[in-house]
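Hi,

Here is the structure I promised to pass on. Have a look at it first, then read my notes below.

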Amino acid sequence: MNTANFEHKMAAHCESGTVTGLLNYNGMQISEPMVFGISAGIFFAYLQGPKLPFPLFVHRSKPGSIRKKIRKRLDVAFKEIKNRDIDKATHVLDTLIARKIPTAVQVDMFYMDYIPQYMKVHFNGHYVTVVGKENSTYTVSDCYYPQLANISIESMRKARSARGDLAPRGLLFYATVVPKEVDLATPIRKGIKEAARNMVKLPVPFIGVKGIRMFARKIVDWPSLARNEGHLSDQVMDISANLEDKGTGGAGFRFMYASFLQEAAKILNDTALADMARQMMENGDRWRELSLHAARMGKYHEFSKEKFKELQDLIFARADTEEKLFSQLLKMIS
Amino acid sequence: MLVDYEGHQMTVYVEKENGTYGPTNTGSYLVKNYIDDFWKNRNYIIKDALKQLLNNEISPVGFYMLILNMAPAEVASRVGIGTSQVKKHMKPDHFGKVTVGLAQKYADIFGIPVANIFQVSTETGIINQNSIQQEKTKNPFIVTVK
């Protein structure tokens, strides 16, 4: 039962969707792309190392940063409680639910009962909003799921007490002070500036546009890193799943960022920014073509050198476009 | 690229008729025809892992790690033991040193009852994907089987 009268909405990204849900519930009318853009959610990094079974890329900022940036830039106050003792953490959550306060919790996605078995992966940076509790189940609003979903108390305890990288440590948060009206102009500028800097200015070889280029350079070596063809097809298919499916709103958040730029252009009354939004949308379409190419390779096991070279060229082309786009954005804003 | 796909709805930001960009809840051509289709038919990974398990080349811990695509360091930090210990437990020779309590922790990470550390289905490798149904009991070490 939804005890908090919380309106469940699907969203592209779990964290920005959860934060937007809490802000809307508390009276601030703001869209998900605006939250995503202000908090500089767009990103790129190519990661490899002993802790990872295979190299991977991310195109979102670090889990938790959206909440922190929104708190800072929109003068919103979130009450955040962390508790490693899962008994105490569960007690705090139950008390808040009894007071009918929708509460966001950080969880390991693997233990969400409603996700199909074949989609279950361990990822500690997932966020859901708990809106009710009845007998032995919680009612949760998960932005990736069309309706409110149920999850058992036992699964919720496991999900909140999971260990490993980005461990939730029983984190929960809810909004305490939310201004009804807020001037978005300055937060928008700050958000764009930070995102553009992350993409083109950071002197780190695996982050931003440099990261996209590193991804392109390394992709041709993937066949030698895989155990066998089956494993390689898994990993190549994962490129497509990462861009399209894992809560990105399509094209690795580029469509959502275009939507943010369009909204921002209206607020700042800036036609040049509206043009950037259009270019970002086109960029998103090209990311999607790349995604389709990878999906075809993965499904039909097309792993010739030529195919990898084609994929590499598509990725290099994205790096060039994004370097141009984010450099332009940085110039326009500063 | 957007199709009607009830089984996997997602939010995608698209250009609307009036030229504005906004969210729409829909299915995706890529997800329907490639991604979901691929994960559902990902049997060769399981078959390969099962073959290694039955030939005593890997332990049950190694078997589930292959299926879930997890690195030893990740499993170690989740279980709360050292990476080198997990690497040992992936080998059949050392698997015998695992205590029942530790096996329970491994099972929690793999999302299976502890009984499935010691039994697999010869068809799919994973027990609860075929006709055998397991139900949890209040005793964490016991599942009932139907």
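Let's start with a pair of helices: α11(A) passes α12(A) in a left-handed crossing. Left-handed here says that the near helix is turned anticlockwise from the far one by less than a right angle, while clockwise would be right-handed. Helices (H or I, at least four residues) and strands (E, at least two) are DSSP runs, numbered from the N terminus.

Before going on, some housekeeping: this is a predicted model, so local features need pLDDT of at least 70 and side-chain atom pairs count only at pLDDT 80 or more, while totals for chains, interfaces and linings use all residues. Residues are numbered from 1 along each chain as its sequence is written, and chains are lettered from A and ligands numbered from 1 in the order in which they are written.

Back to the pair. Helix α11 covers residues 271-300 of chain A and α12 covers residues 305-333 of chain A; their axes come within 10 Å and cross at roughly 165 degrees. (Axes are lines fitted to C-alpha atoms, for helices over the stretch in contact, and angles run from 0 to 180 degrees between N-to-C directions.) That makes α11(A) roughly antiparallel to α12(A). The cut-offs are under 35 degrees for roughly parallel, over 145 for roughly antiparallel, 65 to 115 for roughly perpendicular, and oblique for the rest. Their contact has 15 nonpolar, five polar and six charged residues. Ala, Val, Leu, Ile, Met, Phe, Trp, Tyr, Cys and Pro count as nonpolar, Asp, Glu, Lys and Arg as charged, and the others, Gly among them, as polar.

What else packs on α12(A)? Helix α7 (residues 208-219) of chain A does: the two axes come within 8 Å and cross at roughly 170 degrees, which makes α7(A) roughly antiparallel to α12(A). Among the residues that meet are Val209(A) and Ile212(A) in α7(A), and Phe308(A) and Leu311(A) in α12(A). Being in contact requires C-beta atoms, placed from the backbone, within 7 Å. This contact has ten nonpolar, one polar and four charged residues.

Over in chain B, the axes of α2(B) and α3(B) (residues 60-68) come within 9 Å and cross at roughly 170 degrees. That makes α2(B) roughly antiparallel to α3(B). Residues including Ile45(B) and Leu53(B) in α2(B) meet others including Phe63(B) and Ile67(B) in α3(B). By class, that contact has eight nonpolar, no polar and no charged residues.

How do the chains meet? 34 residues of chain B are in contact with 42 residues of chain A. On the chain B side, α1(B) gives the largest share, seven residues. That side has 18 nonpolar, ten polar and six charged residues.

Happy browsing!

Definitions and conventions
Contact = placed C-beta atoms within 7 Å.
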